[in-house]
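Me: Let's go through the charged pairs and a pocket in this one. Can you take my questions one at a time?

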Amino acid sequence: MPNVLGLGTGLKQLSLTEHTLNELREAILRIDHEPGSALRLDALQKQYGTSSSPLREALNRLVSEGLVTQDSNRGFRVATISLDEFRDMTEMRLLLEPEALRRSIEYGDDEWEGRVIAAHHRLRRAEEGKTSISPTLDEDWSTVHRAFHLELFSGGPSLRLQKQCASLFTEAERYRRVTARLRQRPRDKGAEHAAIMAAALDRDSGLAVTLLRNHIQSTAD
């Protein structure tokens, strides 16, 4: 019985941490917390209705994701954003994501193809009926958009490469949302995603990689 109770407590703690992590991550990505601003534990405890333990664990996880930094006095701040960091992040994405896609095309099986098709279907559905807000600024769209990109990379043999791509994608999400607000020229991201998927499923790695690189570079431009 003690072991069972201990396990239950651990699962509850994990659930609280994951819930807090997801809520805080999304708030940072929405720029609800300004870049560079302090994340004070007492204020966050009231805002998210949680204790200090899962909150601190969630903040440490966000440090590892690059969305939060830790001060020398052990306080937490939202990571700053800058043009130099954006350029560096884009360069890393252009190095890693095309290689991850190339490996998926080389090693991906029928199950991988099915996952990509299903993820793209959910992405297209999320774009339908969005009239009052740009789909790229919608939280549901952002979730399935991330899932689609990560499924493209999921067919390769290197989990470490996939994790690196996922981490960079999360860091880049704040910048994507900022650029989406500032964009002055229309951009058909739906057509870009469809073209990348079609080339990947046709096993045309050269075309798929070129389209993906253009897709990433367009945001930076």
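Me: Is Arg 102 buried, exposed or partly exposed?
Reply: This is a predicted model, so take the value as computed from it. Arg 102 has a relative accessible area of 31%. Buried would need under 20% and exposed over 50%, so Arg 102 comes out as partly exposed.

Me: How far apart are the closest N and O atoms of Arg 87 and Asp 84?
Reply: Both sit in helix 4 (residues 83-107), and because they are 3 residues apart, about one helical turn separates them. Arg 87 and Asp 84 are both exposed. The cut-off for a salt bridge is within 4 Å, and this pair makes it with its closest N and O atoms at 3.9 Å.

Me: And Glu 173, which forms a salt bridge with Arg 176: is Glu 173 buried or exposed?
Reply: Helix 7 (residues 159-182) holds both partners, 3 residues apart, and their closest N and O atoms are 2.8 Å apart. Arg 176 has 6% relative accessibility and counts as buried. Glu 173 has a relative accessible area of 5%, and since that is under 20%, Glu 173 is buried.

Me: Which elements give two or more residues to the lining of the second largest pocket?
Reply: Glu 173 is one of the lining residues, along with others including Asn 22, Arg 25, Ser 142, Arg 146 and Arg 177. The elements that give two or more residues are helix 1 (2-29), helix 6 (139-152) and helix 7.

Me: How many charged residues are in that lining?
Reply: The pocket has a volume of about 210 Å³. Its lining has 2 nonpolar and 4 polar residues. Among the charged ones are Arg 25, Glu 26 and Arg 146, and the number of charged residues is 5.

Me: Last one: how many salt bridges are there in the whole structure?
Reply: The pairs above include Arg 87 with Asp 84 and Glu 173 with Arg 176. A search of the whole structure gives a total of 14.

Definitions and conventions: Residues are numbered from 1 along each chain as its sequence is written. This is a predicted model: local features need pLDDT of at least 70, side-chain atom pairs count only at pLDDT 80 or more; totals for chains, interfaces and linings use all residues. Side-chain values use heavy atoms; hydrogens and water are left out. A salt bridge is a side-chain nitrogen of Lys or Arg within 4 Å of a carboxyl oxygen of Asp or Glu. Helices (H or I, at least four residues) and strands (E, at least two) are DSSP runs, numbered from the N terminus. Buried means under 20% relative accessible area, exposed over 50%, partly exposed in between (1.4 Å probe, protein chains only). On a 1 Å grid over the protein atoms alone, a cavity is a set of points where a 1.4 Å probe fits but cannot get out, and a pocket is an open set with protein on both sides within 12 Å along at least five of seven lines; lining residues have an atom within 4 Å of a point. Grid points are joined across faces, edges and corners, and a volume is the space filled by probe spheres set on the points.
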